[in-house]
Amino acid sequence: MRTRHACAIRISIPKDRLHLRVDQAQVEAVFFSFFRNNRGKNEAIELDHAAKGRGQKMKELEERIRREGAILSETVLKVDSFLNHQVDTELALATGREFARVFGDEKITKVLTIEASGIQFAMAAGIALGVPFVYAKKKKAVTQSDKLYVAPVHSFTRGETYQVSVDQRYLNAGDRVLIVDDFLATGAALVGLVDIVRESGAELVGVGCIIEKSFQEGRGLLEAKGVRIHSLARIASMKPGEVHFIEETGNRQLTEERA
Ligand code: G4P
């Protein structure tokens, strides 16, 4: 059972500074860091999340996809104005907090992703969980060691196959790993990362994705491997000018038209 500690904060403001406008983000940041330092990480995450309104930012994510996403075909969605070319940093940080809320009890020690577009989201999750993140590299650099975990991955958008690799020093049998990526599509990249985690002997806690295209085979492939998946926006179907999201309500799945 969690122990609750009473606490009081005394704030003194000189009279001549009472006219100062209070910036909500700054106040939140001060309180978030106070609770993180004094009351434990998970509780701080809960408080931060409650302060912002649960799920509100994730509704914003769906709105942004609807407003700014360019649906190039029935399988390709372009979201490079806020997600994977220019990045909305506040939205990215909010996705990290959401993954920390969902997977917060799992004692995660490391977040894993693949370059390039997973990096900002793995970093956000790593910040929210207070752990490092590691990204798998698609090309071997001269600076890399020879002790690597390697998996072949075919890129959906680039049409190339990469030997993705992670230095063995950064993934160990004692780790509890959350994989984070921008898209869950055909599952090729994520299956490669799952294989790398399992080869390392680390425990895979789950996979967190920003956008899932549920009509593609990725979720099925991962579930067949026994992987827990949490996606922040799940697209049931799309075509130019139209996107349909899946909403989970208890055991029911509702498909809602949002465009
Ligand atoms: P996955 O489901 O395991 O992610 O595998 P898949 O091979 O299907 O997709 C991996 C790559 O394709 C990733 O980028 C991912 O971001 C991208 N991707 C998949 N579907 C879409 C889409 O509808 N729109 C966009 N913009 N990207 C998509 P990548 O090719 O490895 O490149 P990058 O991360 O270096 O940009």
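The questions below start with the whole chain and then turn to one strand and its surroundings.

Reply: Residues are numbered from 1 along each chain as its sequence is written. This is a predicted model, in which local features need pLDDT of at least 70 and side-chain atom pairs count only at pLDDT 80 or more, while totals for chains, interfaces and linings use all residues.

Me: How many helices and strands are there in the chain?
Reply: Helices (H or I, at least four residues) and strands (E, at least two) are DSSP runs, numbered from the N terminus. Counted that way, the chain holds 7 helices and 11 strands.

Me: What percentage of the residues of the chain count as buried?
Reply: A residue is buried if 20 or more other C-beta atoms lie within 10 Å of its own, exposed if 12 or fewer, and partly exposed in between; C-beta atoms are placed from the backbone. The chain has 259 residues. The share that counts as buried is 32%.

Me: How many residues of β3 are buried?
Reply: Strand β3 covers residues 110-114. K110, L112 and I114 point one way, V111 and T113 point the other way, and all are buried. In a regular strand the side chains alternate between the two faces of the sheet. For β3 the buried count is 5 of 5.

Me: Which residue in β4 stands opposite I114?
Reply: Two strands pair if DSSP finds at least two bridges between them. β3 and β4 (residues 133-136) run parallel and are joined by 4 bridges. Opposite I114 stands A136.

Me: Which residue in β7 stands opposite L112?
Reply: β3 also pairs with β7 (residues 176-184). The pairing is parallel, over 3 bridges. The residue opposite L112 is I179.

Me: Which residues is L193 in contact with, leaving aside its neighbours within four places in sequence?
Reply: Two residues are in contact if their C-beta atoms, placed from the backbone, lie within 7 Å. L193 is one of the buried residues of α6. Its contacts beyond those neighbours are L112, I114, A136 and I179.

Me: How many residues has the largest nonpolar core?
Reply: A nonpolar core is a set of buried Ala, Val, Leu, Ile, Met, Phe, Trp, Tyr and Cys residues joined through C-beta atoms within 7 Å. Among those with the most contacts inside the largest one are I179 and L193. Its residue count is 54.

Me: Which peptide bond is cis?
Reply: Look at the loop between β3 and α5, where A116 has its place. Omega is near 0° there, in the bond from E115 to A116.

Me: Why does K107 count as exposed?
Reply: K107 lies in the loop between α4 (89-103) and β3. Its phi is positive, near 50°, though it is not a glycine. K107 counts as exposed because its C-beta neighbours inside 10 Å number 12.

Me: What separates the C-alpha atoms of G201 and D175?
Reply: G201 follows α6, with a positive phi near 90°. G201 and D175 are 26 residues apart along the chain. Their C-alpha atoms are separated by 8.2 Å.
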